[in-house]
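Visitor: I am new to this structure and would like a close look at a single part of it. Could you take me through that part slowly, one piece after another?

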Amino acid sequence: MIKKIVKSLFPFEYSICGKGNNDAVKVFKKYLNFKIHNFESGKSLNGWTIPHSWSLKKGTISDLNHKIIFDAKNKNFGVPFLSKSFNGKILLNNLKEKIFFSKTTNFTPYNWTNLYRKNFIDWGFCMNKKEFKNLKEKSYYIDLITKTKKSKMKVLEYTLKGKNKETILINAHNCHPYQANDDISGCATGIQLFKNLKKIKNRKFTYTLLIAPELLGPLFWLKKIGNRKKHLKYCILLKSIGNKSSLKLQHSSDPNSQIDIVALEELRKSNTNFTKGNFREIYGNDEIVFDAPGYDIKTISLTRFPFKEYHTDGDTPERVSEKKLQAVLK
């Protein structure tokens with residue numbers, strides 16, 4: 001079962017780099033003997049910088065009697081990623097401006113926009129709707145302590161050689177903590193796919209499974225592999241594929257490329273409910289790296305985005321469908 005792989009890879013505090021990613025490598029390698037590429041945090045490439053690892057040491061909101069009414073350490077997503085430290089008294093109206101919550105569900109949203117807006121990093125908290133509404137005092141004390149340190153971004157690569165060097169790349173990302181569908185579902189399905197491919201003798205193509213933090217992982221990996229990248233013919237992104245909504249095919253920058261045509265034909269033959277969209281029309285992710293000028297690796301995406309648990313603590317393995325994962329695998 002693919003869902004069994006999802007469950008084993010789920011309980012890690014993933015990010016671009018840090019302890020969660022390091023600990024998860026041991027589990028990934030139980031399934032496939034991945035080659036691990038390491039990239040130092042703080043390094044920049046094409047305007048993108050690998051952030052240092054980040055951890056929450058303390059994150060409490062207390063009333064004026066110093067009674068703790070919210071402790072971010074008791075939640076998976078209590079504080080936005082890379083949040084700054086802050087200590088002091090704050091008016092309720094000002095505090096509410098620092099809190100992220102969902103108006104439509106009682107899930108706690110996780111905010112990691114700081115990863116991509118390094119010039120606007122601030123502090124804050126993440127709550128569910130009920131916790132937010134319980135804030136009624138005029139003022140509160142905030143004690144928020146965070147820490148960053150140098151680390152290494154790990155990119156996992158597993159390659160099966162074929163008769164020729166033309167390579168089909170399968171990509172999934174592992175940078176969101178405690179998110180089963182986004183995108184441990186893609187990682188797990190990719191692993192099962194390659195376990196199946198290993199059994200095929202005399203493969204025509206070479207296949208590479210790349211599991212990496214989105215955008216930054218593929219960018220630095222492509223730079224590192226040098227001349228190998230000229231053999232990368234096509235790429236398939238497996239992104240959020242385990243929820244129960246219909247499957248979507250997002251075309252590459254050239255909908256008439258061979259990978260686009262084959263994918264569309266196979267989906268039509270599969271009797272699977274699906275829709276299709278143009279490049280970047282459905283889901284924005286690593287296609288902006290692979291299918292960019294200079295690389296021109298025609299990249300399609302398979303996804304079931306959007307889904308209501310997206311980027312919240314509701315995205316758990318229990319909500320992932322084995323049937324939907326198997327449909328994508330097929």
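**Strand β4 and its surroundings**

Guide: In this predicted model, strand β4 and strand β9 (residues 139–149) run antiparallel and are joined by 9 bridges. Strand β4 itself covers residues 53–62 and is mostly covered, with 7 of its 10 residues buried. Within β5, D71 is the bridge partner of T60. Between β4 and β5, which form a hairpin, there are 5 residues, and in this hairpin H66 takes a positive phi near 65°.

An open sheet of 8 strands has the order β1-β10-β12-β11-β13-β16-β14-β15, and its pairing is mixed. At its edges are β1 (35–40) and β15 (274–277), each of which pairs on one side only, and from one strand to the next the twist averages 20°. Inside that order, strand β13 (residues 232–239) and strand β16 (residues 298–303) run parallel and are joined by 6 bridges, and L238 has L302 in β16 as its bridge partner. Helix α2 packs on this sheet, where it touches β1, β10 (152–160) and β12 (206–212), and the direction of α2 makes about 15° with that of β10.

Helix α2 (residues 19–31) has a helical neighbour as well, for its axis and that of helix α1 (residues 2–9) come within 10 Å and cross at roughly 155°. Because of that angle, α1 is roughly antiparallel to α2, and the crossing of the two helices is right-handed. On the side of α1 the residues involved are K4, I5, S8 and L9, and these meet V27, F28 and Y31 in α2. Sorted by class, the contact of α1 with α2 has 5 nonpolar residues, 1 polar and 1 charged.

Technical notes
Residues are numbered from 1 along each chain as its sequence is written. This is a predicted model: local features need pLDDT of at least 70, side-chain atom pairs count only at pLDDT 80 or more; totals for chains, interfaces and linings use all residues. Side-chain values use heavy atoms; hydrogens and water are left out. Axes are lines fitted to C-alpha atoms, for helices over the stretch in contact, and angles run from 0 to 180 degrees between N-to-C directions. Helices (H or I, at least four residues) and strands (E, at least two) are DSSP runs, numbered from the N terminus. Angles under 35 degrees count as roughly parallel, over 145 as roughly antiparallel, 65 to 115 as roughly perpendicular and the rest as oblique. A crossing is left-handed if the near helix is turned anticlockwise from the far one by less than a right angle, and right-handed if clockwise. Contact means heavy atoms within 4.5 Å. Ala, Val, Leu, Ile, Met, Phe, Trp, Tyr, Cys and Pro count as nonpolar, Asp, Glu, Lys and Arg as charged, and the others, Gly among them, as polar. Two strands pair if DSSP finds at least two bridges between them. Buried means under 20% relative accessible area, exposed over 50%, partly exposed in between (1.4 Å probe, protein chains only).
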